[in-house]
Amino acid sequence: MSKTPRADLWFSLVIIALAVAVVIESWRMPRFANLGIHPMSVPGLTPGALGAALGILGMALFLRSLRGRKVATATDPTAAEGWLRLASTLAFCLLYAVGLLGWLPFWLATAIFVFAFVLAFTWRARAAVRAILTAGCLAIATSAAVTLLFERVFLVRLP
Amino acid sequence: MEELGLFLNAVAQQALPGNLFNVLWATLLGMTIGMLPGLTATLGIALLTTLTLRMGADEAIPVLICMYVGAIYGGSRTAILLNIPGTPANAASALDGFPLARAGKAGEAMGLATFGSFFGCLVGMLLLALIAPQLAEFGLRFQSYEFFWLAVFGVVISGRLTALDDPLKGWIAGFLGLLLAQVGQEGIHAYQRFSYGSVDLAGGFGLLPALVGAFGFAEILCVMKQPAYQAVRDVGGRILPRLRSLAARWWTILRSGVLGTGMGIIPGVGEDMGAWVSYAAARRASKRPESFGQGNKEGLLSAETGNNAAVPGAIIPVLTLAVPGSAPAAVLLAAFVIHGVRPGPLIMIESPTFVFQVAAMLFWASVALLILGLLLTKPMLFVLRVRREHLMPVIFVLCVVGAFAIASRVFDIWVMLGFGILGFVLRQMHYPMAPLVLGIVLGSILDKNFRRGMVLSDGSLEPFFTRPISAVLAALTLFTVLWGLAPVRKAIAARVRRSP
């Protein structure tokens, strides 16, 4: 029995919708009949079959999650804190990868990201100077080391 | 005897100071990555692949193999000291390793894990040198029908074995992987599927950015969501296990080595199952099975021997069939291709000595593991004192650089982010990652061989079921599916109970 019946129900609907969309898109793919190619080599054949297979699996998950009872789970007092940490991590990472990179030079974007990330998660009002110094040192060290190591030593292009 | 000569020759050829230096640092780096909760062998190999892009194949491949071996071993430290598996492959090691540490025998447990990993790698290496040439020769009989079934069987068995309590989720992950692999230009008519005019999507999802996302970014999110782990200050006691005690357990080592390698060979199953199956076999064979899980040294030894033996095991199908035995092996397969090595059934014809070179690389990696593992037990505790808040932003920077560096495409960074979020969500819902990865790797093989087979048979499905190897693979796939269905298992069990 699944440990996450409600999530399974929603995810099964996503899977079924995806499978239906894939089958329709595969059907709409060109058959190249004018080029005289074999009808069994058309590009939509495999994705269509895979979409159908995924649809069957999604349906099985859907039916199972309908039968599944609600599992009573004890509330974890640290769960809300965990989700907050997760949301902050996601925000910092997306801001760096989608926002800062490309807009600022790599070394500067990296230094800002590492500094902000470390400071946000280690900030204590009583030890503010220490937190700022640690975050600053780590930011400079990471930015310098990654830039030098990848670009100069291993000759890899940086974003 | 010819094989032994080729192997010894390869061992001698690689015993150059520069090579050995690479072996030492790459194994140490692997151990460090394996020790850090949240960092896996898959991520380590993927990131190191970008660093070794400009190296020659003879330098880069040993480095990647050492990273692989080191990371799977390194995870045992965290399992023993923190009761948190450093990599998924070390989960079984925590069962007896942590109770041993609590009893003040952490040093001895780490020593035992080191020797277990060393011997496991050696047994796997020997089996690789013996089996790989035979399997490659057997693989020459494979045509489109067989490769199609191999891809289907790989995804089905991987989904079954990596999600033992819920195979449906394993299969969904696997088929999702196969479907994601269909995005981009297909290999027969060069038609751009699901790309909607986007040049980036026409290139498909790169395997390495996807893996860096699924195993790097997703892990960062998981680690940051969990409560922080406690730092360890001391290991206590002796580190070197008594030789007499090791010699008395030779059968456990051999059995776990063979079982681990066997599990490694099965597509997409990998090191964690290598450890669990070896652990279960050791428990079944023990005179005191009740002591397993309470600090039984044989339990720890079997798990660590099994997971490290699975490393050479997972490389065997990579070399001979171009099908990965595990998620880290999937990255290794991509790295082989990047460095100009063409794995597959033709490997013994095109590069007959390469299999033995890989065996020699595994030999040197296992030697480095033994030396570094025993010498650096206490200094390496420093790694476990690094706070996750300090480590994770650095890892994310490496994930971004690693995803971008392969093809210098910003799109690959987005792929990494997308697969990271998808991987995190799937993990939260208890979907295994290994079938997803295997699906992405096997998607192209399945597509091309299915359509080629259908063209060759003029639209008939008959050869897919009547050719001998195809029929066996089809039967195995069907058996795996039926075995995974709870009603079928219950019906068989009821029938067995009823029969006199």
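**Briefing: chain B and its contact with chain A**

In this predicted model, 48 residues of chain B are in contact with 54 residues of chain A, two residues being in contact if their C-beta atoms, placed from the backbone, lie within 7 Å. Because the model is predicted, local features need pLDDT of at least 70 and side-chain atom pairs count only at pLDDT 80 or more, while totals for chains, interfaces and linings use all residues. Residues are numbered from 1 along each chain as its sequence is written, and chains are lettered from A and ligands numbered from 1 in the order in which they are written.

**The side of chain B that touches chain A**

- The elements of chain B that give two or more residues to this side are helices H3 (41-51), H8 (167-180), H10 (207-225), H18 (388-405), H19 (410-428) and H20 (434-456); helices (H or I, at least four residues) and strands (E, at least two) are DSSP runs, numbered from the N terminus.
- H18(B) gives the most, with 10 residues.
- By class, this side of chain B has 32 nonpolar, 8 polar and 8 charged residues. Ala, Val, Leu, Ile, Met, Phe, Trp, Tyr, Cys and Pro count as nonpolar, Asp, Glu, Lys and Arg as charged, and the others, Gly among them, as polar.

**Helix H3 of chain A**

- H3(A) covers residues 79-100, and its 22 residues reach 30 Å from the first C-alpha to the last, close to the 32 Å expected at 1.5 Å a residue. The expected span is 1.5 Å times one less than the number of residues.
- A:Arg85, A:Thr89, A:Phe92, A:Cys93, A:Tyr96 and A:Ala97 in H3(A) are buried. A residue is buried if 20 or more other C-beta atoms lie within 10 Å of its own, exposed if 12 or fewer, and partly exposed in between, with C-beta atoms placed from the backbone.
- The cover over these buried residues includes helix H4 (106-122) of chain A, together with H10, H18 and H19 of chain B.
- Just after H3(A), A:Gly102 has a positive phi of about 95 degrees.

**Overall form of chain B**

- Chain B contains 23 helices and 2 strands.
- The radius of gyration of chain B is 22 Å, close to the 23 Å that the globule rule gives for 500 residues, so chain B is as compact as a globular protein of that length. This radius is taken over C-alpha atoms, and the globule rule is 2.2 Å times the number of residues to the power 0.38.
- Of the 500 residues of chain B, 62% count as buried.

**Two packed helices in chain B**

- Helix H6 (residues 106-139) and helix H17 (residues 354-375) of chain B pack at an angle of about 175 degrees, with their axes 9 Å apart. Axes are lines fitted to C-alpha atoms, for helices over the stretch in contact, and angles run from 0 to 180 degrees between N-to-C directions.
- That angle makes H6(B) roughly antiparallel to H17(B), since angles under 35 degrees count as roughly parallel, over 145 as roughly antiparallel, 65 to 115 as roughly perpendicular and the rest as oblique.
- By class, the contact of H6(B) with H17(B) has 17 nonpolar, 5 polar and no charged residues.

**Individual residues of chain B**

- B:Met31 lies in helix H2 (residues 17-35) and counts as buried, with 30 C-beta neighbours inside 10 Å.
- B:Ala190, in the loop between strands E1 (184-185) and E2 (192-193), has a positive phi near 60 degrees although other than glycine.
- With 9 C-beta neighbours inside 10 Å, B:Ala190 counts as exposed.
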